[in-house]
Amino acid sequence: MSVPRTLEIPPDEWGRPRSTQVPWLFLAIIAALLAGRFLVAPYLTAPALQTWATIFVAICVQALPFLVFGVALSAAIAAFVPPGFWTRALPKRPAVAVPVAGLAGAVLPGCECASVPVASGLIKRGVTPAAALAFLLSSPAINPVVLVATAVAFPNEPLMVLARFLASLVAAVAVGWLWLRFGKTEWIRNRAHHHGSFLEAMRHDLLHAGGFLIVGGLAAATLNVVVPREWLTAVAEVPWLSVLVLAALAVLLSICSEADAFVAASLSAFSPTAKLTFMVVGPMVDLKLIALQTGTFGKAFAVRFVPVTLVLAVAASVVVGWILL
């Protein structure tokens, strides 16, 4: 009868390998918390930081209900409105269809993300591209949710709502008519993007728009607190420079149109016309729109459409602002 062999302890390399990262990660978190407690906490009560937090929270809290409602309404239209509705609603004559499509944006809300696929679908169903592009620009700019949000953001400036409506509509129709006159079919490579169901469309648009709202709120709060007031005043006192600065800021921040009025209202150092420019340019030309238009219609379209839209949006804002504001 053989004697059983003595059991040997398995070597360390058997089974799961030992993790040496967890203890160091834990120590790093503890060190960061201690550093924050002794180095950062004393500055959390600074007046400038409190002002920054107040501005940021105020912008987000005011804008969020309009953002959610606008995204939900846009998703419902994208999911439930029959595709044939658009071709039946627009006139057959292209020159008349352009302003009608622009005015349709006032009653058919849509955020920037939704207006591009809707315009793409219109073109695929035989609608003249000029009319589809006019709707693309006007829908996120002059729909009821945006106008109500503008009225709430500027409670003592009722003409700001009218100015935003007129400037945005004029710019959208002007771009449509220019495209009708000079645009070429080969410049548009129509690759439609579909959101899917109502819940998918709403989730997609809310995540994108909410993220840009936070970025815009952070930028506006930082601009009001970090940048010296003398600098803002110096820029704001030069009319043409203040308009160009806020137009560029609208392109870079890419804020959803349901929320941009609250960011514009917080830029108190700038003139009403400059704020109007910010609200007209943003829904028509921003970084996310440029990327979406390039992916849907192609680079040849974007390099022509974006500069023309930007110039006409700024021009319409200046003219309407000079007349009304």
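A: Gladly, and we can begin with a helix pair. Helix α4 (residues 94–104) packs with α8 at an angle of about 150°, their axes being 9 Å apart. That angle makes α4 roughly antiparallel to α8. This is a predicted model, in which local features need pLDDT of at least 70, side-chain atom pairs count only at pLDDT 80 or more, and totals for chains, interfaces and linings use all residues. Residues are numbered from 1 along each chain as its sequence is written, and side-chain values use heavy atoms, with hydrogens and water left out.

Q: How are two packed helices described in general, and what do the terms stand for?

A: Two packed helices are described by the angle between their axes and the distance between the axes. Axes are lines fitted to C-alpha atoms, for helices over the stretch in contact, and angles run from 0 to 180 degrees between N-to-C directions. Angles under 35 degrees count as roughly parallel, over 145 as roughly antiparallel, 65 to 115 as roughly perpendicular and the rest as oblique. Helices (H or I, at least four residues) and strands (E, at least two) are DSSP runs, numbered from the N terminus. The protein chain has 15 helices and 0 strands.

Q: Is the crossing of α4 and α8 left-handed or right-handed, and which residues make the contact?

A: A crossing is left-handed if the near helix is turned anticlockwise from the far one by less than a right angle, and right-handed if clockwise. The crossing of α4 and α8 is right-handed. From α4, the contact is made by P94, A95, V98, P99, G102 and L103, and from α8 by F165, L169, V173, G176, W177 and L180. Contact here means heavy atoms within 4.5 Å. Ala, Val, Leu, Ile, Met, Phe, Trp, Tyr, Cys and Pro count as nonpolar, Asp, Glu, Lys and Arg as charged, and the others, Gly among them, as polar.

Q: What does L180 touch beyond its sequence neighbours?

A: L180 lies in helix α8 and is partly exposed, with a relative accessible area of 34%. The cut-offs are under 20% relative accessible area for buried, over 50% for exposed, and partly exposed in between (1.4 Å probe, protein chains only). Not counting residues up to four places away in sequence, L180 touches P94, A95, T128 and A130.

Q: At what angle do α8 and α13 cross?

A: Helix α8 (residues 159–182) and helix α13 (residues 272–281) have axes that come within 10 Å and cross at roughly 50°. The two helices are therefore oblique to each other, and the crossing of α8 and α13 is right-handed. M160, A163, R164, A167 and S168 of α8 meet P272, L276, M279 and V280 of α13. This contact of α8 with α13 has 7 nonpolar, 1 polar and 1 charged residues.

Q: Which residues does S317 contact?

A: S317 is in helix α15 (residues 299–324) and counts as buried at 0% relative accessibility. Leaving aside neighbours within four places in sequence, S317 is in contact with A167, T273, L276, T277 and V280.

Q: How do α6 and α15 pack?

A: Helix α6 (residues 129–142) and α15 pack at an angle of about 55°, with their axes 13 Å apart, which makes α6 oblique to α15. The contact is made by L133, L136 and L137 of α6 and F301, F305 and T309 of α15. Its residues divide into 5 nonpolar, 1 polar and no charged.

Q: How should I read aromatic pairs?

A: A pair of aromatic rings is described by the distance of the centres and the angle of the planes. Rings of Phe, Tyr and Trp (its six-membered ring) pair if their centres lie within 6.5 Å; planes under 30 degrees apart count as stacked, over 60 as edge-to-face and the rest as tilted. By this rule the count comes to 5 aromatic pairs. The rings of W179 and W187 have centres 5.8 Å apart and planes at 70°, so this pair is edge-to-face. Ring pairs link W179, W187, F297, F301 and F305 into a cluster.
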